[in-house]
Amino acid sequence: MKSDSLYAAGQYFEASIEYERLIFKTADQADLNYLKYKKALCYKKLKEYDRALNTLQSIYFSNSKDSLYRFVSYEQSLCHYLNGDPARALWKIDEFFHRSRDTASFHFFMPIRILSLNDTKKWDEAKQSFLQYIEIQEFETEKEEALENVINNLYEEKNRPRMKSIKKAENWSRFIPGTGQIYAGRAGEGTVNFLINASVLTFAGFQVYNGFYITGYLAGLGFFNKTYHGGIKRAGVLASYKNQKLMNDFNRKINAEILSEFETD
Amino acid sequence: MRYSLLIVLLLLIKQGISQENSELPFIKHLIDKEFFKEAIHLIDHDTTPYGEQQRDSINYYKGWAFYSLKRLEESTQSLLKVNRESAFFSKSYFFSGYNQLYLGNYSEARKIFGEMNIRSEPDLSLLNLELGGLEMLEGNWTKSKELLDKINKENAALHQQVFALQEIRKEHETHRSKSPVLAGIISGIIPGSGKIYAGKTGSGIASMIGTIGFGFITWENYRKAGITNAKTLLFGSIFAVNYVSNIYGSVISVKIIENEHKNAIQNQVLFQLHLPLRNFFE
């Protein structure tokens, strides 16, 4: 088929048109579902996850035992995950098992499930899923034990990303300017912020002490008001960035683990 | 005679083959399903030898796909290739005229509407509505009134839009333009008042407090430390920059407000011109 050849050649946009042509000509529901599935794969390859999801969404299954149902559900959960919506990816996986009762396909969805659980910070569930995944693989006892150790170590309390509290970062900066930034992992910026606030406040005090009341109040305290409140806000933003970075680093480690331990086998 | 029959036969066979290979039904399907990029790609790579009528349809579909993707210049180019004999002619020309209105190419839009050579209803009323809107966009409010008055009052499909355009005209007539010069002058007298005059009260009060505050600081330092003191010079400079930039800001604020008003009117007119086109042809 021309569509399949184009897909195999990596011409996904052209392939998607050819699949649509077949969809246009087909009346058979089973063929229609398969062609839509293939078309969605083209969109996934083109990184157009919304379009892929819309196409998959339009596939109708009268019977959840349909062999394509598993593949469609898998792609839906994967596209949700790649589209930055891990909660929906998990929901899609749960929906599949709820509707199909197909426990044999458990391993099929596990990598996305683990990644999505990590993204939604459900560490304990992620760890259990990972261990379950290893068990399903039927590795040799020695390898299984080694992998279990790696996973247990990876998810140990001390190795999990320690998320920064945005509220705490803001409160630290409210109490002592600059400390919120230090708490969020930006010691340099925190120190500079502290020095700026301290200098402005000293200037204000010095002016008032020397009888320059208007200068001290308006220029000193007015400016301090800006740097102080700006610093509080900035501490919150930095904490949020830090959390994102911690999450990404941790997921990258898990990702590497999944790829190195399973795909190469 | 024998040769003539042979030629007719060959032509019929050719037309038959071309219809069989025609991508038109699939292109239409892509357009109906809103796969516009795909439709354009297919048209661009289609080498089927089409007849004139089919070519018109292809040009219309391509123009419509570009229009739907908001690529209005390319849409106009394709839509204008549709021939007068085509069933898509009227829609194509009205939409390419609208594309040019949207792009602000008013003379081009006028030329396109003129080329349509419409003499009968209901298209004539629609044309007058579009031309009336065009005059509004160009600021010819009296001429626009004349054109809107020509629209058939019994045309229910246009009644609402005519009313809306008349309301926009009334709003324009009652609108009092603000003067950037006046805003600058009053800001020079009382800092921030120009922005308040422009309608930006919050920003005006903030500018007022800032400029007056620096004024007081400069005055205090001048009184207690003298004109040559570094602090006097520093705060004096900040005050001066603040004062001048506030005057400039007030002038710009009025210009922005006036521009916003103009853009709002323009968008409202374009919206009212677009609605009947969709209703007429869909």
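Reader: Where in chain B is the place of B:Glu34?

Author: B:Glu34 sits in a loop of chain B, between helix H2 (24–32) and helix H3 (36–44). The model is predicted. Phi of B:Glu34 is near 65 degrees. That is a positive value, and the residue is not glycine. B:Glu34 counts as exposed because 11 C-beta neighbours fall inside 10 Å, and the cut-off for exposed is 12 or fewer.

A:Lys121 lies in the loop between H7 and H8 of chain A. A:Lys121 has 15 C-beta neighbours inside 10 Å, so the residue counts as partly exposed.

Now the helices on either side of that loop. The axes of helix H7 (residues 106–119) and helix H8 (residues 123–137) of chain A come within 9 Å. They cross at roughly 155 degrees. H7(A) is therefore roughly antiparallel to H8(A), since angles over 145 degrees count that way. The crossing of H7(A) past H8(A) is left-handed. H7(A) brings A:Phe106, A:His107, A:Met110, A:Arg113, A:Ile114, A:Leu117 and A:Asn118 to the contact. H8(A) brings A:Glu125, A:Ala126, A:Ser129, A:Phe130, A:Tyr133 and A:Ile136. By class, this contact has eight nonpolar, three polar and two charged residues.

Next, the domains of chain A. Domain 1 covers 1–60, domain 2 covers 63–160 and domain 3 covers 166–252. The C-alpha centres of domain 1 and domain 2 of chain A lie 26 Å apart. Twelve residues from domain 1 and nine residues from domain 2 make the contact. On the domain 1 side, helix H3 (29–45) and helix H4 (49–57) of chain A are the elements that give two or more residues. H3(A) gives the most, with six residues. The residues of the domain 1 side divide into nine nonpolar, one polar and two charged.

Back to chain B for one more loop. B:Ser179 has its place between helix H10 (156–174) and helix H11 (180–189) of chain B. B:Ser179 is partly exposed, because 14 other C-beta atoms lie within 10 Å. B:Ser179 and B:Lys255 are 76 residues apart in sequence. In space, C-alpha to C-alpha, B:Ser179 and B:Lys255 are 8.3 Å apart.

Technical notes:
Residues are numbered from 1 along each chain as its sequence is written. Chains are lettered from A and ligands numbered from 1 in the order in which they are written. This is a predicted model: local features need pLDDT of at least 70, side-chain atom pairs count only at pLDDT 80 or more; totals for chains, interfaces and linings use all residues. Domain bounds come from an automatic or database domain assignment. Two residues are in contact if their C-beta atoms, placed from the backbone, lie within 7 Å. Helices (H or I, at least four residues) and strands (E, at least two) are DSSP runs, numbered from the N terminus. Ala, Val, Leu, Ile, Met, Phe, Trp, Tyr, Cys and Pro count as nonpolar, Asp, Glu, Lys and Arg as charged, and the others, Gly among them, as polar. A residue is buried if 20 or more other C-beta atoms lie within 10 Å of its own, exposed if 12 or fewer, and partly exposed in between; C-beta atoms are placed from the backbone. Axes are lines fitted to C-alpha atoms, for helices over the stretch in contact, and angles run from 0 to 180 degrees between N-to-C directions. Angles under 35 degrees count as roughly parallel, over 145 as roughly antiparallel, 65 to 115 as roughly perpendicular and the rest as oblique. A crossing is left-handed if the near helix is turned anticlockwise from the far one by less than a right angle, and right-handed if clockwise.
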